[in-house]
Amino acid sequence: MKNLIILYCCLFFVNSYGQNFGEQQVISMEVTNNTNVFAIDINGDTTIDVFTFSSIDNKLVWFNNTDGLGTFGSEEIINDSLILPRDAFLADIDDDGDIDVVVVSRNPEYVKKLAWYENIDGLGTFGEEQIISVDDFDFLSLSTADIDNDGDIDIFASVFKKLIWFENMDGQGSFNSGIIISDSEDGFKYLYNYPVDIDGDNDIDIISASYYDEIIWYENTDGQGTFGVENIITINNLDIVKDIFAADLDGDGDMDVLSASRNDGKIAWYENTDGLGTFGEQQLISGPEEQYAFSVVAADIDNDGDMDVISGRGDDFVSWYENTDGMGNFSEATIISTEVDGVTSVFAVDINNDGYIDVLSASFFDNKIAWYENMGELSINEFDKTNINIYPNPVKNTLQISIENNITIKYIQVFDVVGKLLLQTNSTNQLDVSAFASGLLFVKIATDKGVVVKKIIKE
């Protein structure tokens, strides 16, 4: 039956299988029923490593990108006795410049925990579990961000009937007991959350999605973690939400919202019409024949300066949709891979350090963590990238940009390692990066000759 579904769906895709992407490269098939995949530099060698977890194996693990080109080592165990982890996130919790792990879990005896693990040497050796909350909330999912603008990483948690945040009190990983943003009689109203600046006031707001059909957001009214009333993004237009994401899809400088929903197969987006958090109607990206949408992210796949969309599906497709005009009009799906069995998570990042955004997937039934090399050409003409230089690297405060041979800069963007836009500016000879957190950053320079992506290390 599965083969018939694949054959049926393929008839509707105008782009050929594997276009722009290489063959599937398996990282692991040893983590049973993994549901999420993340990629970030875990061991401080400036290459992108991979993290996943399993609620069956009760494992948190990571894989070292041994050569920076996408050759991965065997699993490195962070914890293999954590019972039923539900969600995990990677962030620098103790402000020491390396990546730690935050996780929520619930074991069969109903012990409900939010905890974190310190990357004790910056090389991927993790310490003992440090409890943030136990048995106070029934945790569902989590994310991290600097919610109160004090320079350290706090935690958003979706829990049964509540959306809350935990303040990092000392910047070292000592947290308060939780501050409730909103509560509801609906137990799964806040199933997923995504932190982002929705209204353009330079603080972190929060998007939340219910299990069924609702996506909402809450304004951080004072920039210190006081949240306002519920604002509707969409309601009664989705059937079982599985993922949400935020990105500037129409090139107007504000954050729009993406959703993936399982039962209706929708990959859709919602325009932030005024930059202040007023959202337009649902705009479908996926076609009517596409099924079981589980995961969605946005990234510039074709290096043309706008955000494309990548999806993972339970009917065994990893695909991407080109943003054809930079204003949120998308092509039909281009299949990246069908060599997956029940995709639950996709992630987009440059794995092999070639300036192109690659794609990772986690699939439930075959236990695969895999990645796919972006082999595609730039959508505008290539040019001699040595004519653009960025220095110093590493950098502490100011990046200098050197340009030769009559090249004109159209705009410059700075992204973090998970694809979040940190800065966008017009033609300039220098960038102030002093306010950004330490770690790997990507500087995208769009010119009249083409697009260059440079990696820098922020000290």
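pLDDT is the predictor's confidence in each residue, from 0 to 100. In this predicted model the chain averages a pLDDT of 89, and 91% of the residues score at least 70. Over residues 1-19 the pLDDT is below 50, yet this stretch has 37 contacts beyond near neighbours in sequence (contact means heavy atoms within 4.5 Å). Residues 378-383 also stay under 50, with 21 contacts beyond four places in sequence.

Residues are numbered from 1 along each chain as its sequence is written. Because the model is predicted, local features need pLDDT of at least 70 and side-chain atom pairs count only at pLDDT 80 or more, while totals for chains, interfaces and linings use all residues; side-chain values use heavy atoms, with hydrogens and water left out.

Side chains of opposite charge can pair when their charged atoms come close. The structure holds seven salt bridges, each a side-chain nitrogen of Lys or Arg within 4 Å of a carboxyl oxygen of Asp or Glu. One of them joins glutamate 75 and lysine 59 at 2.9 Å, N to O. Glutamate 75 lies in strand β5 (residues 72-79) and lysine 59 in strand β4 (residues 59-65), 16 residues apart; strands are DSSP runs of E, at least two residues, numbered from the N terminus. Lysine 59 is buried at 10% relative accessibility, whereas glutamate 75 is partly exposed at 25% (buried is under 20% relative accessible area, exposed over 50%, partly exposed in between, with a 1.4 Å probe and protein chains only).

Aspartate 138 pairs with arginine 86 at 3.1 Å, N to O. Arginine 86 sits in strand β6 (residues 85-91), and aspartate 138 in the loop between β9 (126-134) and β10 (139-145), 52 residues apart. Aspartate 138 also meets arginine 106 at 2.6 Å, N to O. Arginine 106 belongs to strand β7 (residues 100-106), 32 residues from aspartate 138. Through shared partners, Arg86, Arg106 and Asp138 form one network.

Technical notes. Helix = DSSP H or I, 4+ residues; strand = E, 2+ residues; numbered from the N terminus.
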